[in-house]
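Hi everyone, thanks for making time today.

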Amino acid sequence: MKGISRIIMSTALALPFSQPLLAQQSGTIVYEVTAKTDPERMRGFQRGGGDGDDAPQIPDVITFKQTLTFNNGHAKLATERPDFGNGGSRWGGRARRDTSNAPAQGPGPGQRRMGGMMGRGNTQYFDLANKKVIHVFSTFGEDRKTYYSEEDFIVAADTKTSEKTKKIAGYTCKKATVKLKDDTYTVWYTTELPFSFSPINGLLPEANAVVLVAEGGKRAFNASSVNLQAVTDTDLSIPAGAEKISQEQMRDIRQQEMEKLRKRQPQM
């Protein structure tokens with residue numbers, strides 16, 4: 001009986017400590033994102049926009065949210081459609097182009113966003129256990145195919161750390177300055193979460209860090225909330241039947257599909 005009592009007591013003592021640990025394996029992080037626009041590139045969204053004074057005004061900055069949902073080593077980053085001002089999905093009284101089913105534009109040089117290079121539905125996947133970004137892309141047409149390629153999480157090579165700390169979304173964060181190709185980012189990151197993540201691949205100051213703030217000259221990511229909780233969204237893995245290809249093959253397929261899309265669009 002004494003042996004059984006010890007087992008029961010040990011189990012009772014262990015439960016309060018194990019439950020928080022289990023809770024940390026799932027939850028969400030919501031990022032508020034601001035990004036400067038490229039006027040020349042944005043003109044492609046102006047279908048029937050007119051010329052001169054009648055043309056819609058292109059905003060200097062767009063805002064949107066990205067939500068990272070994670071559970072048991074798997075995660076996905078869902079991106080809302082950007083707010084172009086004047087009613088969210090419109091600007092200058094003109095409806096913007098629906099990009100929910102269009103191949104996403106690749107990021108600029110040296111800015112390979114973890115959340116960029118997205119497939120249909122504006123969703124990016126991650127293997128947190130093995131620290132890999134999973135790029136998913138679906139082609140157009142009746143013979144549509146879905147592909148995916150993998151990329152390792154990149155720890156920043158050009159990083160200057162600081163002794164400064166502050167609380168962000170309830171977590172103690174350290175400050176670092178990271179040079180990434182043609183931009184310099186102020187990064188605030190925490191090591192209090194049981195995985196690694198950054199909204200831009202290449203900005204991890206440490207191998208076991210979660211970036212909650214990254215502010216550069218062209219875009220900024222600020223975590224507004226971190227919620228450790230059970231998640232009801234279990235669709236955190238790549239689509240069934242997706243074919244694995246290399247990153248080089250993925251770039252070629254994307255380029256081919258974008259060329260097809262341009263040919264199908266009306267000329268301005």
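**A walk through the model**

Let me start in helix H3, where Lys260 and Glu257 are three residues apart, so about one helical turn separates them. Their side chains meet in a salt bridge, at 3.2 Å from N to O. By salt bridge I mean a side-chain nitrogen of Lys or Arg within 4 Å of a carboxyl oxygen of Asp or Glu. Helices (H or I, at least four residues) and strands (E, at least two) are DSSP runs, numbered from the N terminus.

Before going on, a word on what we are looking at. This is a predicted model, in which local features need pLDDT of at least 70, side-chain atom pairs count only at pLDDT 80 or more, and totals for chains, interfaces and linings use all residues. Residues are numbered from 1 along each chain as its sequence is written, and side-chain values use heavy atoms, with hydrogens and water left out.

Back to that pair: is Glu257 buried or exposed? Glu257 counts as buried, at 5% relative accessibility, while Lys260 is partly exposed, with a relative accessible area of 48%. Here buried means under 20% relative accessible area, exposed means over 50%, and partly exposed is in between, using a 1.4 Å probe and protein chains only.

Helix H3 spans residues 247–264 and also holds Arg251 and Glu248, three residues apart. These two form a salt bridge, with the closest N and O atoms 3.6 Å apart. Arg251 is partly exposed at 42%, and Glu248 is partly exposed at 47%. Arg262 is partly exposed at 44%, and Glu259 is partly exposed at 37%. The count of salt bridges comes to eight.

Now let's step back to the whole chain. The protein chain has three helices and 14 strands. Of its 268 residues, 41% count as buried.

How are the strands arranged? An open sheet of twelve strands runs in the order E9-E10-E11-E12-E13-E1-E2-E3-E6-E7-E8-E14, with mixed pairing. Its edge strands are E9 (159–168) and E14 (243–244), each of which pairs on one side only. Two strands count as paired if DSSP finds at least two bridges between them. For example, E11 and E12 pair in the antiparallel sense over five bridges, and Val187 stands opposite Ala214 in E12.

Please find strand E6 next. Five of the five residues of E6 (residues 123–127) are buried, so this strand is largely enclosed by the rest of the structure. Thr123, Tyr125 and Asp127 are buried on one side, and Gln124 and Phe126 are buried on the other. E6 pairs with E3 (residues 74–79) in the antiparallel sense over five bridges, and Lys76 stands opposite Tyr125. E6 also pairs with E7 (residues 132–138), antiparallel over three bridges, with Asp127 opposite Lys132. The hairpin of E6 and E7 has four residues between the strands, and there Lys131 takes a positive phi near 55°.

Phe126 brings us to the core. The largest nonpolar core has 40 residues, of which Ile29, Tyr31, Leu68, Phe126, Phe195 and Leu212 touch the most other members. Such a core is a set of buried Ala, Val, Leu, Ile, Met, Phe, Trp, Tyr and Cys residues joined through side-chain atoms within 4.5 Å. Ile29 touches residues including Leu68, Phe195 and Leu212, not counting residues up to four places away in sequence.

Finally, how far can we trust the picture? pLDDT is the predictor's confidence in each residue, from 0 to 100. The chain averages a pLDDT of 77, and 67% of the residues score at least 70. Confidence is highest in strand E12 (residues 210–215), at a mean of 98, and lowest in strand E5 (residues 94–95), at 32. Over residues 4–23 the pLDDT is below 50, and this stretch has two contacts beyond near neighbours in sequence; a contact means heavy atoms within 4.5 Å. Residues 87–121 also stay under 50, and there the model has 105 contacts beyond four places in sequence. Where pLDDT is low, the predicted coordinates should not be read in detail.
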